[in-house]
Amino acid sequence: MITSLRLKDFKNFADETLRVGPFTLIVGANASGKSNIRDAFRFLHGVGRGYTLPEILGGKFGPGGQVEWEGIRGAPGEISRFGGKAFLFTTENLFGIDHVHYSIACFTGMRPNFDLAVSGEYLSKTINKDVDVIFSRPTSNKFDANKDINFLFRGWIKELESVRGRNIPMLIETEKFDAFRGTASAATVSAVVEEFSHMRFLDPVPDRMRQPAFPGQTVLGDRGENLPAVLQSICADPARKALLEEWFGALTPMDAADLEFPLDPSGRVHLMLKEKDGRTVSAFSASDGTLRFLALLAAMFSEESKGLYFFEDIDSGVHPARLHLLLELIERRTKEGGIQVVATTHSPTMLTLMNDTTFENASVVCRLEHRRDAIIRPLADLPNARELRGTQGLGRLLEGGWMENMLAFTEDRDDDEDGREDGTGREDEEAAE
């Protein structure tokens with residue numbers, strides 16, 4: 001499980017850390033940087049999938065030209081903070097009693113054409129305060145692609161190809177070396193790679209969810225593709241079907257009695273909603289909100305449910321009277337283990353209704369007046385937040401702009417030593433410490 005994510009010189013974050021729990025809610029005004037946090041998680045997901053930096057940031061295309069991966073939002077010169085030359089991500093991960101630290105630093109402005117390079121990388125495991133450094137790739141803002149490319153594996157392999165040594169993360173390369181396989185360190189690397197590779201970024205589109213699917217599909221597409229087939233696979237298991245129907249009935253106002261999956265002449269699976277009076281409604285007539293509910297349930301209860309899920313505007317299309325059920329579903333499901341959920345929201349109701357655990361893992365993203373940088377602060381750490389949560393409710397505080405006002409009051413806005421006030425200063429320094 002990921003427990004924290006540090007973003008240094010990435011987009012509009014100078015040096016901020018997001019605290020991550022089983023269920024993490026992120027609030028903040030438009031253009032504050034919430035979507036940039038999503039991009040940071042997507043970058044790590046691309047690392048886990050084994051892509052090069054140009055592929056992670058610009059997109060991955062298959063041999064036939066088909067899109068396998070959509071790149072990170074923004075032009076090459078916009079990835080680093082204010083057109084700087086480097087950025088860094090650091091994650092803290094917990095695997096049982098193993099505390100794993102992973103950092104990756106990247107240069108984006110080495111040459112006029114924004115050639116990309118992994119400039120530093122580090123992986124360690126800590127057990128009972130004993131630190132085992134699995135690999136450490138030295139960082140320098142004077143990176144030389146031909147110098148010590150195979151720093152970790154000197155004596156094990158021939159020198160890596162210069163291009164791959166320059167723009168592919170070492171985390172993925174380690175699994176290719178026979179001398180590393182089967183070791184305890186290799187198991188740690190595999191655990192981190194698996195955690196990154198199993199991230200999901202769901203943004204269901206109603207028109208995609210209404211479409212029929214080929215039978216046997218068990219993975220919901222990021223835009224909600226394959227919804228009929230995924231729900232059909234869930235309903236094939238009586239226990240999971242009972243959970244699905246229980247939550248669907250609670251989350252929707254219709255008297256849903258069952259889900260049906262007729263086949264069309266071509267053999268594709270359609271989704272039909274059957275009400276208690278026997279009336280059936282096709283997915284083509286179902287409301288957008290109903291389909292979003294079903295997509296969320298499909299993600300939570302499918303056989304493939306594992307890893308971290310990121311939902312932007314998770315409350316979109318949900319009636320305020322049913323937000324407490326949505327929260328209860330996610331809080332209960334993440335408590336069971338196996339999945340994490342990180343979600344952004346603008347809903348005051350969700351902040352008012354979230355339980356104590358979710359409150360401790362909620363954060364506000366804010367871009368203060370006269371600053372171009374954004375900051376991330378845990379809601380629980382704001383002055384008097386715990387007391388005000390009980391007396392006034394965080395929803396009212398969100399609506400009144402209290403969070404931004406409190407951050408403006410508590411943050412030191414006069415400290416411009418690192419150039420945060422005017423956007424100048426340390427872009428040329430090293431990307432990792």
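Biologist: Which helix gives the most to the lining of the largest cavity?

Modeller: Helix α9, residues 288–301, with four residues. This is a predicted model.

Biologist: Why is that space called a cavity?

Modeller: A cavity is a set of points where a 1.4 Å probe fits but cannot get out. The search of the whole structure finds four cavities of 30 Å³ or more. The largest cavity holds about 160 Å³. Its lining has 18 residues, with Pro-204, Arg-292, Leu-296, Phe-311 and Ile-314 closest to the centre.

Biologist: What makes up that lining, by residue class?

Modeller: Ten nonpolar, three polar and five charged residues. Pro, Leu, Phe and Ile count as nonpolar and Arg as charged.

Biologist: How much space lies in the second largest cavity, and which elements give two or more residues to its lining?

Modeller: About 60 Å³. The elements are β10 and α9. Among the lining residues are Arg-200, Leu-202, Ala-298 and Ala-299. The classes are six nonpolar, one polar and two charged.

Biologist: Why is the other kind of space called a pocket?

Modeller: Because a pocket is an open set of points, with protein on both sides within 12 Å along at least five of seven lines. The largest pocket holds about 740 Å³.

Biologist: How do you know which residues lie nearest the centre of the largest pocket, and what supplies the largest share of the lining?

Modeller: Of 29 lining residues, His-45, Arg-49, Arg-200, Phe-201 and Asp-222 lie nearest the centre. Helix α1 supplies the largest share, five residues. By class, the lining has seven nonpolar, seven polar and 15 charged residues.

Note on methods
Residues are numbered from 1 along each chain as its sequence is written. This is a predicted model: local features need pLDDT of at least 70, side-chain atom pairs count only at pLDDT 80 or more; totals for chains, interfaces and linings use all residues. Side-chain values use heavy atoms; hydrogens and water are left out. On a 1 Å grid over the protein atoms alone, a cavity is a set of points where a 1.4 Å probe fits but cannot get out, and a pocket is an open set with protein on both sides within 12 Å along at least five of seven lines; lining residues have an atom within 4 Å of a point. Grid points are joined across faces, edges and corners, and a volume is the space filled by probe spheres set on the points.
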